[in-house]
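Please keep the sequence and the structure in view while reading.

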Amino acid sequence: MAKPAESKSDEASQYKIEDLYDINKEKELLKTFVDVALAPQDKTWSKHKTKNKALQVDYKYLPNDNLCTIRGQTMIPNASIEQYHEFSEGGYNDVYQWEKECDKMCTENGCVKAIDIDHEVVYGSYDSGVFVISPRDFCYLKARYLLKDYKASDGKLYDVSCTLCYSVDDKYPFYRSTKKKHVRAILKYSGYLFIKDKSDTSTTDSCRACYIVYLDPCGWIPTWVVNLVAPDQGMVIKSMLENWPKVQPLLDARKANEYKKDVQPMFDKPQQFPGFDDTDNDDNKEEVKDDSDKGKVGGFKDGEKSELEEAANAVKSDIESAAKEKGIDMKCFEVINGDKQVVAGMNYNIKIKYDDDKYVNVKVFRSLPPVKYELKSVDFGDGDDKNKESDSKENDDDDDKLGGWKQADSQEIFDVANATKEQVEEQAKKDGKDEFKIFEPVSGTKQVVAGINYKIKVKVGDDRFIEVLVFQSLPPIKYELKSVTY
């Protein structure tokens, strides 16, 4: 349990530091943040072209999410984790000006309230320069950490200095409201990290710098547009590299000014950080497993209002046409709530208010990129659902019932079976089965998931059959043999 922090300012007597940030929840978010930075660039990451070999920008989609996480990395000469940790200490305004210069879209960046030397409430605003997209702003908590001997998934030990940023809501005591003509966006996590691989002794005068951003821009911007331009944000790392030489002179200026702070923290000391241990690593593995379970196809979960609005607006004209056919006059179009279902794309059930105390429930399917929206059904609560494909409503319902098996055509079965023929034969050999005399697909069914599962019955001899379970991934297509039943 965290020890209470000592109070410094008179204002601090109005609050408990434990009410201003939850150290245990922050610890969980910090681990996710650092693990993303230290994760290897494997096939789950997509590489963004930077035209500079010294800069590495990549992005990925986390399980059950439609917004991407962006990561920019580079090596910065004459830098250290201790130097960045000192520079990012709370109470100084120079670091915010430096950060503003690192992001060309930033129009305002500053401390709203310093809680302690490691925690500040910050306001930032950003303008993309695209006239049809409103500027975004954030109110967030910025937390400073210095981690020694952090064990990553690759088994190596790292020293890490970082600033972790995450949004606070309008109930937070020092929340700053949205600026006029801006849209309030949400930082899920973002920030800078300076990383030292303790097994690498060849770069003693340089340090690996990393910039991570994972956010929801909210408001009206199609998700596909967000994901198209988002990787460019990773190029902030380029400006970090260019602006790093300014850091030491700024630190020297603080010293010359006898370390007089621009903003006095409310508390003398931050809460005691509980630290990480092997149990945290085990918990993290379990959490990843749980996230995978949440993403299992067939389950509906709450959808964020911004994505529900995007889906509803994309098919608004279709909904209005369905209403017109029923003689219903829709006086407004307001998304109330809804949920979503992971498929090879996404299903949305959305409740929409269209008049005083009158609502319509619609089902919308959003495809994988390139994104298209399809209205599946409209229900005005009169017992007569309007389905876009009413002539085949029963079959549509079966298709949409994820996790259910349906018949696959012979050519599909033939292609899938032959794509995994060698794997099947190898597995049979390992299981001590006689060599197959023939390999002829006979029949099969399929299951829609985030990809497709196939159950295929294969004839492998006279009156001899096996059943194989094969998973076909989303494009780029790969086949994986899941099981063989004899």
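## The buried side of helix α6

In helix α6 (residues 236–243), the buried residues are Val-236, Ile-237, Ser-239, Met-240 and Asn-243. Because they cover an arc of only 160° around the axis, they lie on the same side of α6. The arc is that of the directions from the helix axis to the C-beta atoms. An α-helix has 3.6 residues a turn, so residues three or four places apart point the same way.

The buried residues of α6 pack against β3 (68–77), α4 (94–102), β9 (186–197), β10 (206–216) and α7 (247–256). Contact here means heavy atoms within 4.5 Å. Buried means under 20% relative accessible area, exposed means over 50%, and partly exposed lies in between (1.4 Å probe, protein chains only).

## Basis of the description

This is a predicted model, in which local features need pLDDT of at least 70 and side-chain atom pairs count only at pLDDT 80 or more, while totals for chains, interfaces and linings use all residues. Residues are numbered from 1 along each chain as its sequence is written, and side-chain values use heavy atoms, with hydrogens and water left out. Helices (H or I, at least four residues) and strands (E, at least two) are DSSP runs, numbered from the N terminus.

Strand β6 spans residues 136–151 and is mostly covered, with 12 of its 16 residues buried. Two strands are said to pair if DSSP finds at least two bridges between them. With strand β5 (residues 119–126), β6 pairs in the antiparallel sense over eight bridges; here Glu-120 stands opposite Lys-142 of β6.

Strand β7 (residues 157–167) also pairs with β6 in the antiparallel sense, over 10 bridges, and Tyr-150 is found opposite Tyr-158 of β7. By contrast, the pairing of β6 with strand β8 (residues 183–184) is parallel and comprises two bridges. Arg-184 in β8 is the bridge partner of Asp-137.

## Residues with positive phi

Most residues other than glycine have a negative phi. Asp-149, which lies in β6, has a positive phi near 55° although it is not a glycine. Asp-149 counts as partly exposed, at 41% relative accessibility. In the hairpin of β6 and β7, which has five residues between the strands, Gly-155 takes a positive phi near 85°.

Lys-51, likewise not a glycine, has a positive phi of about 60°. Lys-51 is placed in the loop between β1 (46–48) and β2 (56–61). Its relative accessibility is 89%, so Lys-51 counts as exposed.
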